Amino acid sequence: MRSLLVFVCSILAASANAGLINYTDEASFLADAGTGLTLIDFDSTGGVMTSYSDSGVTFDTNGSESDDIIIGDYAVTGSSQIYSNYYANNLIFTFAGTGINAFGSDIFSLYSGSTLSFELLLSDTTTEVVTVDSADGYFATILNGGNYITQVTVNSLSAQAEGLDNFYFGTVAASTPSTSVTEPATLGVLALGLSGLVGLRRRQR
């Protein structure tokens, strides 16, 4: 029983250290990330384009059309957003520099609410995937553990146009967040481990 407990604890520790710390509100994210982030607000341009680059970040899609990207205030917020211009395409942003381990943004699903999938490509070529309800209106993450984020693919699981605004990014020192969200995988491992301990105890009786 002791060995099983040690095994479960080691898995939990590894999962926590793998660690994405996710946020659904800007204030909590910025409180933990500090003041060293760069902001892209998409208000300096508008219209359709092949891709858009600003401050070392390139926004593109997985499509091949010349008007893949569209920028404008389509959500009527008073500030421009950036979208994939075709529902079938995913919005992709790529960081030119190294060491980026945090980003956050207002999130939109044009015309209809949707679950958005954020697939993060990390510096060791592994991926992490987080799903968020567009109704939350915000998503941010801080990556701990030594890797950094190279590219992110945003996909609407109901084929809507994915959008972003007030996009913050940068390098954040690893720290314990003031408002963390436990990863679902961690909770699943914990439940599995506890059920195993209960079963083993019953067999020993």
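1. Tyr87 is partly exposed, with a relative accessible area of 40%. Tyr111 is exposed, at 67%. Keep in mind that this is a predicted model.

2. A search of the whole structure finds 19 aromatic pairs. Tyr87 and Tyr111 make one of them: their ring centres are 6.3 Å apart and their planes meet at 65°, so the pair is edge-to-face. The cut-off behind that label is an angle over 60 degrees. The two residues lie 24 residues apart, and the pair links distant parts of the chain. Tyr87 sits in the loop between β7 and β8, Tyr111 in the loop between β9 and β10.

3. Now look at Phe93 and Phe103. This aromatic pair is also edge-to-face, with 5.2 Å from centre to centre and 75° between the planes. Phe93 belongs to strand β8 and Phe103 to strand β9, ten residues apart.

4. What does Phe93 touch? Leaving out residues up to four places away in sequence, its contacts are Val57, Thr58, Phe59, Phe103, Gln151, Val152, Val154, Leu164 and Phe167. Phe93 and Phe103 also belong to one aromatic cluster, whose members include Phe42, Tyr52, Phe139 and Phe169.

5. The largest nonpolar core has 30 residues. Those with the most contacts inside it are Phe59, Phe93, Phe95, Phe103, Phe118 and Phe167. Strand β10 (residues 115-122) gives the most to this core, with four residues. A second, separate core has eleven residues, among them Ala102, Tyr138, Ile142 and Val172.

6. Which strands pair with β6? Strand β3 (residues 47-49) runs antiparallel to β6 and is joined to it by three bridges. Strand β7 (residues 81-84) pairs with β6 over four bridges, again in the antiparallel sense.

7. Last, the whole protein. There are three helices and 14 strands. Of the 205 residues, 42% count as buried. The accessible surface comes to about 10,100 Å², and 54% of it belongs to carbon and sulfur atoms. Among contacts with a separation of 6 or more, 71% are between residues 24 or more positions apart.

Notes:
Residues are numbered from 1 along each chain as its sequence is written. This is a predicted model: local features need pLDDT of at least 70, side-chain atom pairs count only at pLDDT 80 or more; totals for chains, interfaces and linings use all residues. Side-chain values use heavy atoms; hydrogens and water are left out. Two strands pair if DSSP finds at least two bridges between them. Buried means under 20% relative accessible area, exposed over 50%, partly exposed in between (1.4 Å probe, protein chains only). Contact means heavy atoms within 4.5 Å. Accessible areas come from the Shrake-Rupley method with a 1.4 Å probe; for residues, only the protein chains shown count as cover. A nonpolar core is a set of buried Ala, Val, Leu, Ile, Met, Phe, Trp, Tyr and Cys residues joined through side-chain atoms within 4.5 Å. Rings of Phe, Tyr and Trp (its six-membered ring) pair if their centres lie within 6.5 Å; planes under 30 degrees apart count as stacked, over 60 as edge-to-face and the rest as tilted.
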